[in-house]
Structures are given as structure tokens and as C-alpha cells.
Amino acid sequence: MEGVLLLHKPIGMTSHDCVAKMRKLARMKKIGHTGTLDPDVSGVLPICIGRATKIVEYLTAESKTYEAEVTLGFSTTTEDASGEIVSEKAVDREILAEEVLNVFLNMTGEIEQTPPMYSAIKINGKKLYEYARAGIEIERPTRKIIIHELILLSGINQDDKTVRFRFRVTCSKGTYVRTLAVMIGEQLGFPAHMSHLIRTKSGDFSLEQCLTFSEVEQLVEDDRLAESLISIGEALKYLPKCIIHDNLAEKVKNGAVLPLPEQFVHLHSGEPLIIYDENDTCLAIYTKHPEKTHLMKPIKVIKNDFV
């Protein structure tokens with residue numbers, strides 16, 4: 001069994017927990033996920049099964065879409081609802097939708113973001129959340145991210161001390177939406193945190209395509225789990241595709257260097273080119289040779305006689 005399972009990750013489980021559960025359900029060890037979601041976050045989590053674990057890095061999408069809620073009035077240690085309150089300031093004025101939309105406009109495009117202390121980014125060989133749990137705050141490098149789109153999804157809900165509203169964001173890989181919520185609050189003049197988050201899209205994969213664990217369990221019971229998987233070729237369809245004749249297939253399976261077809265001479269070295277046989281089976285990922293530009297060399301063999 002091989003392919004990509006689109007899981008609707010539930011709240012309360014880590015991405016690692018989801019992989020561990022899938023290993024038990026599928027009775028396979030060779031399973032991995034394509035991008036961590038925090039335990040308090042639900043949504044699209046592609047799970048790679050069997051040979052599909054070889055393409056994990058190509059499914060860590062550059063663009064993701066989330067629906068989130070920001071609460072103004074207090075901030076937390078983790079920048080989401082699970083943390084302890086660190087700063088409070090009652091929202092003592094009316095927050096208008098037009099004001100929020102102006103903030104969204106200012107934050108659309110390339111911006112800088114400092115990752116939160118409670119994150120898995122490593123500095124000096126140690127994860128940031130390990131420093132945070134030890135009560136140590138260290139300097140984190142800012143990095144550039146891209147906010148492709150910010151849309152207000154709700155009205156502005158205001159009570160005596162807090163304000164809440166929901167938004168949709170499409171952003172580049174590496175964006176922390178909880179930090180984005182804090183940044184929105186800063187621009188509005190109040191401490192803030194992310195009070196809810198769901199990932200609705202990861203690359204071309206959407207929430208509507210995803211299966212819940214109860215649905216996966218039913219498929220296993222009916223012996224139909226394999227039918228629900230997206231093939232490796234389908235998962236990689238967004239990348240350049242090269243179909244080879246059967247007489248070259250064995251060479252590809254053995255990782256041979258091959259002539260680069262003329263239609264792909266524009267590719268840069270390092271850019272992936274997916275090799276398929278005449279039956280539309282994904283065999284390997286190649287790239288233009290860095291020195292001999294008329295040739296292509298394998299990055300990763302997907303299908304051979306040994307795996």
C-alpha cells in the first residue's frame with residue numbers, strides 16, 4: 001500500500017500522534033506526515049504511506065490557508081488560547097471593521113515575523129520551546145514571510161474587555177498564524193492571541209478532501225483504505241512531468257544519468273522533474289545535471305526492485 005492520505009487532524013492530537021495511530025490502523029511502519037500542526041489546531045494534514053514517504057519534502061506546500069480567530073484584550077505565553085496570560089489591556093474603545101481591514105491591507109505582501117518562543121525551531125541545537133519551558137527567552141532571528149491574502153470572515157464581536165473576530169489567511173510556508181494574530185493586535189493597539197485555528201488548505205489539498213479518523217477506521221474495517229489514497233503521481237502533478245519509454249524504465253529504477261529532453265532545458269539544476277513510465281507510474285524525481293546541462297540526474301528513485 002502506498003500513497004497520500006488526506007487526514008482531517010482532530011484537536012488534541014499532535015501530528016506525531018496522528019502518524020502513530022495511522023501506523024496501527026494501516027499495520028505499517030513506513031508512514032510520515034508533511035507538516036506539523038499544533039495539538040490545538042485541526043485541519044488538513046497529508047499523511048504519506050509506503051513509498052510515498054519518499055516525497056514528503058515535495059508535499060510541504062509553499063502556500064497554506066487557515067481560518068483563525070483573534071482575541072484582543074490579553075496575550076499569552078504561547079500566543080494561543082493554551083498559554084498563560086502575560087499581558088492584559090481591556091479594549092476600551094470600539095473596534096471598527098474598516099480599521100481591521102486597513103490592518104489586513106498593511107500586512108498583505110512580504111512582511112517580517114519573529115517566530116514564537118513556543119515553537120520547534122532549533123537554535124544552538126535546541127528547540128525554542130525547550131528554552132521556553134525552562135523559563136529562558138532567547139533572541140530569535142526575524143524572517144520574511146508572504147501573506148498572500150487576509151480576509152475578514154466575521155463581524156467584530158465586542159464585550160466589556162475583549163474583542164474577537166475571525167479571518168482567513170493564505171500565507172507562505174513557515175508563517176506562524178498565532179504570531180500573526182499577535183501582530184494584528186499590536187497594530188490595533190492591544191495585546192492579543194489566537195483563540196482558534198483550522199488549516200483549510202495545504203498546497204492543492206483542501207479540507208473537503210480530508211478523512212476523519214472514524215472514516216479511516218471504517219475504511220480499514222471494510223478493507224478499502226488503499227482505495228482512499230492519492231497516488232504519488234497525482235500528489236506530484238503540480239511539478240514538471242516527463243514520460244519515458246519502457247526501455248528506459250529499468251535505467252531510471254537503477255538511478256542512471258540520462259539525456260535531458262529538449263523541452264526541459266529551461267529547468268535550473270535542483271528543480272525537480274518527475275519521471276513517469278508509459279503506464280503513468282511515478283518512477284523517480286530527476287533534475288538537470290549541474291555540470292553537464294544536456295543530462296539529467298536522479299534526486300530520488302521512487303520505484304525500484306528493492307523498495
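A residue counts as buried under 20% relative accessible area, as exposed over 50%, and as partly exposed in between (1.4 Å probe, protein chains only). The model is predicted: local features need pLDDT of at least 70, side-chain atom pairs count only at pLDDT 80 or more, and totals for chains, interfaces and linings use all residues. Residues are numbered from 1 along each chain as its sequence is written, and side-chain values use heavy atoms, with hydrogens and water left out.

Salt bridges were examined first. A salt bridge is a side-chain nitrogen of Lys or Arg within 4 Å of a carboxyl oxygen of Asp or Glu. The structure holds twelve. One of them joins D38 and R178, with the closest N and O atoms 3.3 Å apart. This pair links distant parts of the chain, 140 residues apart: D38 sits in the loop between β2 (31-33) and β3 (42-49), and R178 in helix α5 (residues 177-188). Helices (H or I, at least four residues) and strands (E, at least two) are DSSP runs, numbered from the N terminus. R178 counts as buried because its relative accessibility is 6%. D38 has a relative accessible area of 27%, so D38 is partly exposed.

K21 pairs with E217 in another salt bridge, the closest N and O atoms being 3.4 Å apart. K21 lies in helix α1 (residues 15-26) and E217 in helix α6, so this bridge ties together parts that are 196 residues apart in sequence. K21 is partly exposed, at 29% relative accessible area. E217 is also partly exposed, at 35%.

A further salt bridge brings together the side chains of E227 and R224 (3.3 Å, N to O). E227 is exposed, with a relative accessible area of 59%. R224 is partly exposed, at 38%. Helix α6 spans residues 213-221 and includes E221. That residue counts as exposed because its relative accessibility is 65%. E221 and A97 are 124 residues apart in sequence and 49 Å apart in space, C-alpha to C-alpha.

The interior was described through nonpolar cores. Such a core is a set of buried Ala, Val, Leu, Ile, Met, Phe, Trp, Tyr and Cys residues joined through side-chain atoms within 4.5 Å. The largest has 32 residues, of which L72, F165, F167, V169, L180 and I184 touch the most other members. Two or more residues come from each of β4 (63-72), α3 (97-107), β10 (143-152), β12 (163-172), α5 and β13 (192-202). Helix α5 gives the most to this core, with six residues. A second, separate core has 22 residues, among them L6, Y58, L59 and A235. F167 has contacts (heavy atoms within 4.5 Å) that include Y66, F104, L150, V177, L180 and I184, with residues up to four places away in sequence not counted.

A pocket is an open set of points where a 1.4 Å probe fits, with protein on both sides within 12 Å along at least five of seven lines; lining residues have an atom within 4 Å of a point. The second largest pocket holds about 340 Å³ of space. Of its 20 lining residues, Y58, G203, D204, A235 and Y238 are the closest to its centre. Helices α2 (56-59) and α7 (232-235) each supply at least two lining residues. The most, three residues, come from α2. By class, the lining has nine nonpolar, five polar and six charged residues. Ala, Val, Leu, Ile, Met, Phe, Trp, Tyr, Cys and Pro count as nonpolar, Asp, Glu, Lys and Arg as charged, and the others, Gly among them, as polar. The volume is the space filled by probe spheres set on the grid points, which are joined across faces, edges and corners.

Technical notes
1 Å grid on protein atoms, 1.4 Å probe; cavity = no way out; pocket = protein on both sides within 12 Å on 5 of 7 lines; lining within 4 Å.
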